[in-house]
Amino acid sequence: MYQWDFSFIWSYRWLFVNGTVVTLLFTFGIVVLGLAVGLFSGLLRLSRFAPLRWLSQAYVEVFRCTPVLVQLVWFYYALPILSGIEMSATTAGVLALSLYGGAFYSEIIRGGINSIEPGQTEAALALGMTPSQSMRRIVLPQALKRMVPPLMNQSIIQLKNTSLVSVLAVPDLLYQGQAVAHDSYRPLEIYTLVAVIYFVILFPLTLLVGRLERRLARAD
């Protein structure tokens, strides 16, 4: 019979605090960069120039159709050899997860823009707006309302994906948990605590997304 004992965890509390802070900061960075990449790629997918659409589609398919863990390892080990540029584990992790998330953000943004009726763009052009003005003033404000829930859902997934950077020795929550487990020889308590911390962070966010979706549905 296994004897559960969580009392020893208090002596490692600052490792878990630091790991949680690193995870949250890492998430913030990859979400912001991913949204920027996704917006740029999503607009390219709607370009009139076929080469730009093909380039954006190739980027999206490459990152959507390969495992994110493989991407992390490739960016950390293979990219520096091919490019001749040394990068830290944190840099490789941010780059890989930002581009991975950007591929999914791109499709969400493209779908949101395409969901706006073409007649609104035609009306804006008839009033003398340029295509870019029509996009900024008419299409994007309406599309953003429809894109917010799926963008938030993808951001929640990105937070969970940060646990994978532990394989690169980035000192996130899971990596710190692994270090404590190796030191204490109590992996069941440690990984249970790590799971609880992730749940405490993510569950309120999922409730927020659900509430937002219901509010937007009522507004429509």
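This is a predicted model: local features need pLDDT of at least 70, side-chain atom pairs count only at pLDDT 80 or more; totals for chains, interfaces and linings use all residues.
Let me start with the annotation. The unreviewed UniProt entry gives the name "transmembrane region" to residues 20-46 and also to residues 190-210. If you look at residues 20-46 in the model, you will find that the span is 96% helix and 0% strand, and that its end C-alpha atoms lie 38 Å apart. Residues 190-210, for their part, are 100% helix and 0% strand, with 30 Å between the end C-alpha atoms.

Now to the largest pocket, whose volume is about 480 Å³. It is lined by 17 residues, and those closest to its centre are Leu46, Ile113, Thr121, Pro131 and Met135. Which helix gives the most to this lining? That is α6, with six residues, while α4 (89-114), α5 (118-126) and α6 (131-161) each supply at least two. Sorted by class, the lining has nine nonpolar, five polar and three charged residues.

Finally, the aromatic rings, of which the structure holds nine pairs. In one of them, the ring centres of tryptophan 74 and phenylalanine 75 are 5.5 Å apart, and because their planes stand at 80 degrees, where over 60 counts as edge-to-face, this pair is edge-to-face. Tryptophan 74 counts as partly exposed, since its relative accessibility is 39%, whereas phenylalanine 75, at 7% relative accessible area, is buried. Both belong to a cluster in which ring pairs link Tyr59, Phe63, Trp74 and Phe75.

Methods
Residues are numbered from 1 along each chain as its sequence is written. Side-chain values use heavy atoms; hydrogens and water are left out. UniProt positions are given in the numbering used here, feature names are shortened, and annotations may be inferred rather than shown by experiment. Helices (H or I, at least four residues) and strands (E, at least two) are DSSP runs, numbered from the N terminus. On a 1 Å grid over the protein atoms alone, a cavity is a set of points where a 1.4 Å probe fits but cannot get out, and a pocket is an open set with protein on both sides within 12 Å along at least five of seven lines; lining residues have an atom within 4 Å of a point. Grid points are joined across faces, edges and corners, and a volume is the space filled by probe spheres set on the points. Ala, Val, Leu, Ile, Met, Phe, Trp, Tyr, Cys and Pro count as nonpolar, Asp, Glu, Lys and Arg as charged, and the others, Gly among them, as polar. Rings of Phe, Tyr and Trp (its six-membered ring) pair if their centres lie within 6.5 Å; planes under 30 degrees apart count as stacked, over 60 as edge-to-face and the rest as tilted. Buried means under 20% relative accessible area, exposed over 50%, partly exposed in between (1.4 Å probe, protein chains only).
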